[in-house]
Amino acid sequence: MPKPKKRGSNHQRGASGQPRSVQPFSDEDASIETMSHCSGFSDPASFTEDGPEIDEEATQEDLEYKLKGFIDLTLDKSAKTRQAALESLKNAFSSKILYEFIMERRMTLTDSIERCIKKGKSDEQCAAAGLACLLCVQMGSGIESEEIFKTLGPVLKKIVCDGTASIQARQACATCLGICCFIVTDDITELYSTMECLENIFTKAYQRDRDTNGVSSTHNTVLHISALLAWTLLLTICPMNEVKKKIEMHLHKLPSLLSCDDLNMRIAAGETLALLFELARETDADFFYEDMELLTEKLRALATDGNKHRAKVDKRKQRSVFRDVLRAVESNDFLRNVFELGPPVMLDAATLKTMKISRFERHLYNSAAFKARTKARSKCRDKRADVGEFF
């Protein structure tokens with residue numbers, strides 16, 4: 001029979017008073033927790049070799065005991081210990097839903113994250129920002145989450161706008177700011193304030209091409225990308241009147257980023273353009289973009305890019321993304337022009353009633369349309385596109 005664990009022997013410091021190394025939360029811990037949710041009748045792995053079922057309550061207590069230790073270590077004097085504890089908490093929060101455990105300790109976690117972002121170095125700030133994201137994801141929207149964001153929001157904004165902070169920390173905080181605001185906030189003023197903070201960052205990328213002093217700002221590109229993507233996420237929850245203002249402000253400037261040397265910036269700009277066109281057509285059925293021909297030409301060039309100086313993986317990824325962006329930008333008129341459908345036909349309820357067809361006819365029509373659509377798409381699809389990164 002295995003010997004019971006002695007919790008008292010797991011001290012966080014040695015006899016000399018020096019901080020001990022933190023045992024990180026591993027995939028093994030996650031698999032044990034996942035295993036506890038499986039039915040013993042369907043999965044033999046839920047039994048030990050001798051046959052008895054795993055004690056779920058004891059396993060949960062063991063996990064919570066370990067997490068409490070990590071939370072305590074986020075206040076340790078050693079920066080390495082704090083960072084290791086933050087990373088272990090990140091791994092745990094991304095592996096299992098721990099709502100009740102987090103709810104009881106949300107203020108302690110919030111204080112620890114705030115302290116690490118304010119006083120920590122680059123790596124510690126990145127880990128703390130990542131943990132803040134997961135904390136909001138675990139909590140979901142609600143009053144408690146709003147309290148967390150009210151505490152962490154100003155700290156995150158300060159780091160994002162601080163030119164002396166490391167680029168990696170600013171990038172992590174920008175992403176965290178966008179995700180947390182998207183999940184948590186119901187305050188429209190806070191939403192606009194967050195978007196303005198992110199806007200002030202990525203709009204500097206517009207001016208880069210006009211710099212004449214020869215100073216390269218390539219190292220800031222990752223920050224601009226994160227700020228742009230976070231801003232784009234928040235744009236999806238904006239009221240329509242604010243969306244119109246943002247479209248007027250950015251739609252003519254974003255195409256300049258399609259010429260950036262950085263692949264991720266080109267992709268981020270393309271995806272943002274696709275969203276802006278979609279929102280513009282939702283707000284105004286007669287939306288018209290003056291430089292559509294020039295934009296589609298640029299997007300088509302990116303969707304068929306064959307430059308030899310670029311890596312094959314980058315080219316495949318770019319072509320795959322920009323084919324979708326091109327379709328999104330052209331979708332309003334492209335399909336109607338290709339199939340010579342003419343202007344959209346507006347039908348009233350009485351006309352639609354007389355046009356009803358039987359269920360069997362509708363099934364045959366849908367099957368034929370699906371087959372034709374699959375054939376048409378397979379010609380444009382890049383079968384070599386790298387999709388492994390999403391798993």
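Mentor: Start with helix H7 (residues 143–161) and helix H9 (residues 188–202), whose axes come within 10 Å and cross at roughly 15°. This is a predicted model, with local features needing pLDDT of at least 70, side-chain atom pairs counting only at pLDDT 80 or more, and totals for chains, interfaces and linings using all residues. Residues are numbered from 1 along each chain as its sequence is written, and side-chain values use heavy atoms, leaving out hydrogens and water.

Trainee: Why is H7 called roughly parallel to H9?

Mentor: Angles under 35 degrees count as roughly parallel, over 145 as roughly antiparallel, 65 to 115 as roughly perpendicular and the rest as oblique. The axes cross at roughly 15°, so H7 is roughly parallel to H9. The crossing is also left-handed: the near helix is turned anticlockwise from the far one by less than a right angle.

Trainee: Which residues of H7 and H9 meet?

Mentor: From H7, Phe149, Lys157, Val160 and Cys161; from H9, Glu190, Ser193, Thr194, Cys197 and Ile201. Contact means heavy atoms within 4.5 Å. By class, the contact has 5 nonpolar, 2 polar and 2 charged residues. Cys counts as nonpolar, and Glu and Lys as charged.

Trainee: What makes Phe202 and Tyr206 an edge-to-face pair?

Mentor: Rings of Phe, Tyr and Trp (its six-membered ring) pair if their centres lie within 6.5 Å; planes under 30 degrees apart are stacked, over 60 edge-to-face, the rest tilted. For Phe202 and Tyr206 the values are 6.2 Å centre to centre and 90° between the planes. Edge-to-face it is. Phe202, Tyr206 and Trp231 form one aromatic cluster.

Trainee: How do you know that Phe202 counts as buried?

Mentor: Buried means under 20% relative accessible area, exposed over 50%, partly exposed in between (1.4 Å probe, protein chains only). Phe202 is at 1%, so Phe202 counts as buried. Tyr206 is at 8%, so Tyr206 counts as buried too.

Trainee: Why is the pair of Phe277 and Tyr289 edge-to-face?

Mentor: The ring centres of Phe277 and Tyr289 are 5.4 Å apart and the planes are at 80°, so the pair is edge-to-face. The pair links distant parts of the chain: Phe277 is in helix H13 (residues 263–283), and Tyr289, 12 residues apart, is in the loop between H13 and helix H14 (292–303). Both residues, Phe277 and Tyr289, are buried.

Trainee: Why is Ser320 called partly exposed?

Mentor: Ser320 has a relative accessible area of 24%, so Ser320 is partly exposed. Ser320 belongs to helix H15 (residues 312–338).

Definitions and conventions
Axes fitted to C-alpha atoms, helices over the stretch in contact; angles between N-to-C directions. Helix = DSSP H or I, 4+ residues; strand = E, 2+ residues; numbered from the N terminus.
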